[in-house]
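Please keep the sequence and the model open side by side while reading.

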4 protein chains.
Amino acid sequence: MYQIRTDLALETQEKMQEDHVRLKGVRFFEERVDQNLTISTVTIETENGAKIMGRPKGTYITIEASEMDEEDDGYHREISIELAKVIRKLLPVKKEELSVLIVGLGNREVTPDALGPRVVDNLLITRHIINEYGKYAFGKNEVNRISSIVPGVMAQTGMESVEILHGIIKETKPELVVAIDALAARSTKRLNRTIQVTDTGINPGSGVGNHRHGLNEKSLGVPVISIGVPTVVDAATIVNDMMYNLVDAMLKSGAFKELGDSLDKLNDGEKYELIQELLTPNLNTMFVTPKDIDESVKRLSFTVSEGLNIAFADMNCELS
Amino acid sequence: MYQIRTDLALETQEKMQEDHVRLKGVRFFEERVDQNLTISTVTIETENGAKIMGRPKGTYITIEASEMDEEDDGYHREISIELAKVIRKLLPVKKEELSVLIVGLGNREVTPDALGPRVVDNLLITRHIINEYGKYAFGKNEVNRISSIVPGVMAQTGMESVEILHGIIKETKPELVVAIDALAARSTKRLNRTIQVTDTGINPGSGVGNHRHGLNEKSLGVPVISIGVPTVVDAATIVNDMMYNLVDAMLKSGAFKELGDSLDKLNDGEKYELIQELLTPNLNTMFVTPKDIDESVKRLSFTVSEGLNIAFADMNCELS
Amino acid sequence: MYQIRTDLALETQEKMQEDHVRLKGVRFFEERVDQNLTISTVTIETENGAKIMGRPKGTYITIEASEMDEEDDGYHREISIELAKVIRKLLPVKKEELSVLIVGLGNREVTPDALGPRVVDNLLITRHIINEYGKYAFGKNEVNRISSIVPGVMAQTGMESVEILHGIIKETKPELVVAIDALAARSTKRLNRTIQVTDTGINPGSGVGNHRHGLNEKSLGVPVISIGVPTVVDAATIVNDMMYNLVDAMLKSGAFKELGDSLDKLNDGEKYELIQELLTPNLNTMFVTPKDIDESVKRLSFTVSEGLNIAFADMNCELS
Amino acid sequence: MYQIRTDLALETQEKMQEDHVRLKGVRFFEERVDQNLTISTVTIETENGAKIMGRPKGTYITIEASEMDEEDDGYHREISIELAKVIRKLLPVKKEELSVLIVGLGNREVTPDALGPRVVDNLLITRHIINEYGKYAFGKNEVNRISSIVPGVMAQTGMESVEILHGIIKETKPELVVAIDALAARSTKRLNRTIQVTDTGINPGSGVGNHRHGLNEKSLGVPVISIGVPTVVDAATIVNDMMYNLVDAMLKSGAFKELGDSLDKLNDGEKYELIQELLTPNLNTMFVTPKDIDESVKRLSFTVSEGLNIAFADMNCELS
């Protein structure tokens, strides 16, 4: 089967349903928080489920809000609060104090890939203050020890992110890593309106920049929560989707019904062959992105960093 | 007929040829400067030619260089020199001294639309020095009087570019305007590898930002040369091209020959209807752009501004 | 008398008082809004007062808030509201609708001079929407027609700001210009903590970039309100102040009393001579600026643009 | 004795000479490469010399070029070549292949402190290519393995640079670290015109950002070459210098001779006391920087990165 690229587990789940694939070992749950905000949870429970879904076992929570991308004085604080709740839900340990390294993945110089670095720019960092003055500098008995790093991309550093992070983690010993990354979606309508939070870390091949290695408990030695926002669709995905839309459009339309039937009868191999013909080599280095992506990434990075700031501010404090 | 959007006269001319449209009143000439550099000239000579080509009468010169987008220590000075020659060829008057206002169109905050503002950042500006110290400050008898402006986009200024420029031109009285702009192409393979120079100014609807009004001798009162580099393809264009590629692929392939024949027999109206079905409203606010667009725009803006600097440096001096 | 450079009328007034100069024709009034926020008004009423103060007749209102430069979630909305009130107080006409051109002076590429361009980046612009859809697009009977421009600096454009603005004003006919600019202060303790609003426009020689020409009703043909925030102290000013502090310190200290007396007895001409000895040519191209100026300018530009947005949002609405 | 702050060993040496301090254990050598380019070498040979000079034993080479700060098409390639030669001279081992980690210290968001991060942006990075394709990808038998990192500043990361680097070095095992940093000088005339290269690493307290910990062979486990360019003068330094200039000016001038004599007779303790009176707390958070620092840092970072690129390109190749 031709695999459509998406970094969102939710989109893979939707595609499976569309194609009537039976999803054994995968649970799905959707909660409508209000008219504009939906939270979906995909839980991959078995190795078999992981194989079908093309991603590791674990929990994938998606916050969708149609207004996320719109301008807002408070940078959508209501979404930040929901994000904070989701982060807390996925914490591997329930402690009153955590030592957390927040990692801004991606390339600061490529706008749709700059989400991670920009989120890190706006975090409340506490580790150095606690180290210097003790946590009583904050007037509280429990303070999370937050540090952060922007490792850069391999073309700039000559090192894998996993090498850089592994070294820093061995040296500074955080109990948890939270990795922020810009993602690729399948559907343009999800761009800049969706936040995915998972407890499985970063998958190889995922992200706008296609990470070569996974960043997860196995490779880093500590649990990894990842937070991603889709900012691009691969140009090749658009072309592939088009092919399927074309058949659909033909089947529905009277005039092209017959034509559609013929196309629909092609088997997956034949469809794949057709699509390959349409994919010029050029398209593989292209992506589709909204015209206002620069503004969107700026705004979204505030929403996400505020979610992290709220989640780790005071863990005795209930979020409501 | 469904009109594909491109800001390159060369692509419109190619499409016409492909569709076997007879181009009366349009002349075409191609010169291969070397293996990597081709200069094509489309001259629209009659009103009828203008109607078919969907753009005003005048000369459209396109510099294509496959290496333009690659890193280069000298920012491709050889291309800058060709650009300078083309600019000189299109000068409306042959004088030893000119007063020129160079205009950087587009939105500095949107990477693929930032070409114009960035070109202006690197120009050699002389008008204020001549006004203050006389042209003898340059040790020459003839010096071009160069000024520049970045008018911004309407959403930022609340004013049309044509209003801003009209006011400035009445006040500072340049003899020529050169407008720099980022363009939309039809083909991804032309992105960041092509420079179009015309003596017709800026067309309404052209540019990454879709200018609402023309900037030309009629609206500004002085001749306008425009220089454009395509940095995006409209997402809708990709979908449209796909449709045609699909038919082609089917016709060529044995297995889908029959299917392709049926599609090919659709008339233009039917094809247009099909395409409309495929265009989701979302796609209209998207564009396709290379992954390294930030770096490309930075580099290209050096190449173009150096072309302008050379063209206007000393017009007694032959370029070779 | 050796003239200390400051763009703040308040500092000139203070210096005059310190030097026991009688300020005929100048009124001064100070209001303490709360513990952290003081509003001072210097009114220059006569030509003689203007001569002594070295600036034109008119009203100079200064908002000082020690916390202005500190981080704040709402970018100090309380200061923005005070700024809005001051702007409204200085409006030349009381109308329910105004057509306003807001001008961001300064150089976007030089951090302490980038305040003007950055303020303009965050304004609510309405003119183009009213022109296109009518003011009923805003669901109100009266809407101010806001436009904006960043003219750039002469080294970049080859044109004087006054030329650019004069042209645009003749073309788009605003009833009022509001010019935003970064200023030089005399005292480092005022940097990034002070906003000056005047109804006299921009003085020649003022600003971080030393404007060559005034921007005022006389040169532009419409009333000009100017809003400035001091972001630098000239290095030469620091040296001059030091000289006076040195004498003071000596006079107060027992050990150096005699020495201080001798210095204090020097007349102004002698003091000036001494200072000139200390001013190396280098210092004239230097300024003194806080280490966190990049962050400060970013934050302050939000505070100022929000002040403008509030002032012009709905003029029937009282600000409280 | 009141210690003037400078990160340049050359300036400390000059001050010592001025004050007629005998510099045992310190050698000094100056070479005039051409009219505009001077290379000075300060070698601190003994612990006693290190104590007097206030910096560790080792070699401090300073490249001074009055034109370094001026615009130049090739970003002063002639200076880059001299820098490359100096770097090669200080290499701890003479091998045909080296594995080097280049570190861009400082804060990308604070213009005069952004030199390190910006130098790293323009480096030729090879480590990942060699790891993936072998060094034969470069068509050479010996290729240096270059990697780089921008660790950020503690307020952003919550971690000391020494922690981050120690971790990365243990993981990726370079044989040499080269650290790039922006420095504070004593004299404004050295700003942006001087490059200091040392084999002693980074001293605690040095740099625009005042590093808390040393980065050297002891703390990092591998030899550290550091390259610095002064971009600021501490405001406090200007005030201190002023004090001395004042006395000098008075002594030379007939009119103030007597006064100068009295000041000159003050002992160092008394002078220090006077200066403290003049230093307002504000001044400690200020620095003096040239008005065009944004442009200067951009240009200088190209010159320095090109020096590194040349130094490590092909070590069999003689530089001339």
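In helix α3 of chain D, the buried residues are D:I79, D:S80, D:E82, D:L83, D:A84, D:V86, D:I87, D:R88 and D:L90, where buried means under 20% relative accessible area, exposed over 50% and partly exposed in between, with a 1.4 Å probe and protein chains only. This is a predicted model, in which local features need pLDDT of at least 70 and side-chain atom pairs count only at pLDDT 80 or more, while totals for chains, interfaces and linings use all residues. Residues are numbered from 1 along each chain as its sequence is written, chains are lettered from A and ligands numbered from 1 in the order in which they are written, and side-chain values use heavy atoms, with hydrogens and water left out.

Helices (H or I, at least four residues) and strands (E, at least two) are DSSP runs, numbered from the N terminus. Helix α3 (residues 77–90) of chain D has 14 residues and spans 20 Å from its first C-alpha to its last, close to the 20 Å expected at 1.5 Å a residue, the expectation being 1.5 Å times one less than the number of residues. Among the elements that cover its buried residues are β1 (26–34), β2 (37–44), β3 (58–65), β7, β8 and α12 (293–313) of chain D.

In chain C, C:L83 lies in helix α3 (residues 77–90) and counts as buried because its relative accessibility is 0%. Apart from neighbours within four places in sequence, C:L83 is in contact (heavy atoms within 4.5 Å) with C:I63, C:I195, C:V197, C:I227, C:T303, C:V304 and C:G307. The C-alpha atoms of C:L83 and C:V304 are separated by 7.5 Å, although the two residues are 221 residues apart along the chain.

How is chain D placed relative to chain A? A rotation of 180 degrees with 0.0 Å of shift along its axis superposes chain D on chain A with an RMSD of 0.1 Å, by least squares on the C-alpha atoms of residues with pLDDT of at least 70 in both. The two copies are thus related as by a two-fold rotation axis, and D:G167 is the residue of chain D that comes closest to this axis, at 2.0 Å (C-alpha).

The contact takes 27 residues from each of chain D and chain A, and 100% of the interface residues of chain D are also interface residues in chain A, so the copies meet through the same surface. Together they bury about 2200 Å², 52% of it on carbon and sulfur atoms; buried area is the accessible area (1.4 Å probe) that two parts lose on being put together, summed over both.

Across this interface there are 6 salt bridges, each a side-chain nitrogen of Lys or Arg within 4 Å of a carboxyl oxygen of Asp or Glu. D:R127 pairs in this way with A:E163, the closest N and O atoms being 2.7 Å apart, and A:E171 pairs with D:K170 at 3.8 Å, a bridge that runs between helix α7 (residues 161–172) of chain A and helix α7 (residues 161–172) of chain D.

Within chain D, the side chains of D:R5 and D:D234 meet in a salt bridge at 3.4 Å, N to O, linking the segment before α1 (9–18) to strand β8 (residues 224–234) across 229 residues. Both D:R5 and D:D234 are buried.
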